[in-house]
Amino acid sequence: MLPAYLPNPVAAALGGGKPIDGGHCWSDGRRIFGDGKTIRGLIVGICGGIAIGLIQILIQSYANIGYLPAHTLLSVLLLAIGALLGDLGKSFLKRRRGVGRGEKWPIADQFDLVIGAFILVFIFDPIWAMSVITLPIALAILILTPVLHRGTNIIGYILGIKEVPW
């Protein structure tokens, strides 16, 4: 899941600049995504996910680590893009519900990246997804994701990258 886990913190750390929604509002008068979702963040986040995935592929091919799921270029790309699309989808829904930037939205805040990543890999690479995301792997992801999410957010807050520790 590293190609899905890494894009959000990379986007938060290295993003900024022009918002993806260009400052435009939806028909409800609220911003589509908000200032926190930027073009640069999307690009560098996806690149960060792809980079860690390529590193995993290289390590696996040279170290012959057979017990870990083998990534493909397609799986890495889909996980990285899907994670940030899931985050964008969550931001869109948060704005529709009137939840402000940085406000907590339990469960959605932790699992948006997983949902987005899973949707993309199951649609565009179902053979890889069904062979790799077994029930034990899915359960491990469900258990580890909130812990990793909270931990990285606390670190981001301490480093001044995030305004809130959640």
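User: Where does Asn64 lie?

Analyst: Helices here are DSSP runs of H or I, at least four residues, numbered from the N terminus. Asn64 lies in the loop between α3 (39–63) and α4 (73–97). This is a predicted model, in which local features need pLDDT of at least 70, side-chain atom pairs count only at pLDDT 80 or more, and totals for chains, interfaces and linings use all residues. Residues are numbered from 1 along each chain as its sequence is written, and side-chain values use heavy atoms, with hydrogens and water left out.

User: Is Asn64 buried or exposed?

Analyst: Buried means under 20% relative accessible area, exposed over 50%, and partly exposed in between, using a 1.4 Å probe and protein chains only. Asn64 has a relative accessible area of 67%, so Asn64 is exposed.

User: How many aromatic pairs does the structure hold?

Analyst: Rings of Phe, Tyr and Trp (its six-membered ring) pair if their centres lie within 6.5 Å. Planes under 30 degrees apart count as stacked, over 60 as edge-to-face, and the rest as tilted. The structure holds two such pairs. In one, the ring centres of Trp26 and Phe92 are 4.9 Å apart and the planes are at 85 degrees, so the pair is edge-to-face. This pair links distant parts of the chain: Trp26 is in the loop between α2 and α3, Phe92 is in helix α4, and they are 66 residues apart. Trp26 is partly exposed, at 43%.

User: Which residue lies over the face of Phe92?

Analyst: A charge sits over a ring if NZ of Lys or CZ of Arg is within 6 Å of the ring centre and within 35 degrees of the ring normal. Here Arg96 lies over the face of Phe92, at 4.5 Å from the ring centre.

User: Where do Phe118 and Phe122 lie?

Analyst: Both are in helix α5, four residues apart, about one turn of the helix. Phe118 has 18% relative accessibility, so Phe118 counts as buried. Phe122 is partly exposed, at 34%.

User: What classes of residue line the second largest pocket?

Analyst: Ala, Val, Leu, Ile, Met, Phe, Trp, Tyr, Cys and Pro count as nonpolar, Asp, Glu, Lys and Arg as charged, and the others, Gly among them, as polar. The lining of the second largest pocket has 16 nonpolar, three polar and no charged residues. The lining of the largest pocket has 19 nonpolar, 14 polar and twelve charged residues.

Notes: Helix = DSSP H or I, 4+ residues; strand = E, 2+ residues; numbered from the N terminus.
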